[in-house]
Amino acid sequence: MSGSLEGPVAKVGRAIDHYRTLKNDFLGGFDIKHRHVTPEAQREGLEYRFHVGKIDVVDSRFALVLGDGFYNMRCALDHLAFQLHVAELGDPLPPAVEKASQFPIYDVRPSDPPNQWNYIKRLSAPVRTQIEALQPYHGWHDHHL
């Protein structure tokens, strides 16, 4: 049996909806609001203070929408990891695999190689390689996209 991308795609769609809400309802249609920043040297240039221009009060709902958007992106990755396991191991998954199925996210490179990462160790080497290439510890450079 093959896995389905329906769940992961739906969660990404919800995250996109949250992004559009943030952009249009809270940021006036802009992705980034530029602020005037003035540097001020301190201690003969050994330290600097940066003064930011006026910052608008943020609507209290902004944090809720932002949190929901991040949550949906995280869920999309976990759905994807689960469906990759279904595609490779079949349905139903063994209970131990079902419990451990999750998309790993590491800010720092783990000492263990991906074939020992509990969440994906049962997946094939090519799939583990792709997941490892998406880890934040690589940084966000064009050669990873």
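Visitor: Which residues does H18 touch, not counting residues up to four places away in sequence?

Guide: H18 touches V65, D68, G69 and N72, where contact means heavy atoms within 4.5 Å of each other. This is a predicted model, in which local features need pLDDT of at least 70 and side-chain atom pairs count only at pLDDT 80 or more, while totals for chains, interfaces and linings use all residues. Residues are numbered from 1 along each chain as its sequence is written, and side-chain values use heavy atoms, with hydrogens and water left out.

Visitor: Is H18 called buried or exposed, and what makes it so?

Guide: H18, found in helix α1 (residues 6-26), has a relative accessible area of 10%. Buried means under 20%, exposed over 50% and partly exposed in between, with a 1.4 Å probe and protein chains only, so H18 is buried. Helices (H or I, at least four residues) and strands (E, at least two) are DSSP runs, numbered from the N terminus.

Visitor: Which residues of helix α4 are buried, and how do you know where on the helix they lie?

Guide: In α4, which spans residues 125-133, the buried residues are V127, R128, I131 and E132. Seen down the helix axis, they fall within an arc of 135°, so they line one face of α4; the arc is taken from the directions between the axis and the C-beta atoms. P126 and Q130, on the other side of α4, are exposed, and the cover over the buried residues includes α2 (61-89).

Visitor: Why is the pair of R109 and E132 called a salt bridge?

Guide: The term asks for a side-chain nitrogen of Lys or Arg within 4 Å of a carboxyl oxygen of Asp or Glu. The closest N and O atoms of R109 and E132 are 3.5 Å apart, and the pair forms a salt bridge. R109 lies in the loop between α3 (95-100) and α4, whereas E132 lies in helix α4 itself, so the pair ties together parts that are 23 residues apart in sequence. R109 is exposed at 53%, while E132 has 14% relative accessibility and therefore counts as buried.

Visitor: How many salt bridges does a search of the whole structure find?

Guide: The search finds 5. Among them, R61 and D59 have their closest N and O atoms 2.7 Å apart; R61, at 48%, counts as partly exposed, and D59 is partly exposed at 30%. Another joins the side chains of E47 and R43 at 3.1 Å, N to O, where E47 is partly exposed at 39% and R43 is exposed at 54%.

Visitor: What makes β1 and β2 a pair of strands?

Guide: Pairing needs at least two DSSP bridges between the strands, and β1 (residues 37-42) and β2 (residues 47-52) share 6 bridges in the antiparallel sense. The bridge partner of P39 is F50 in β2. Their hairpin has 4 residues between the strands, and R43 there takes a positive phi near 50°.

Visitor: Which residues form the nonpolar patch on the surface?

Guide: V37, Y48, F50, V52 and I55 form the patch, with about 510 Å² of accessible area together, calculated by the Shrake-Rupley method. Patch residues need over 30% relative accessible area and no salt bridge, with nonpolar side chains joined within 5 Å and like charges within 9 Å. V52 has 44% relative accessibility and so counts as partly exposed. V52 is found in β2, and β2 gives the largest share of the patch, 3 residues.

Methods:
Accessible areas come from the Shrake-Rupley method with a 1.4 Å probe; for residues, only the protein chains shown count as cover.
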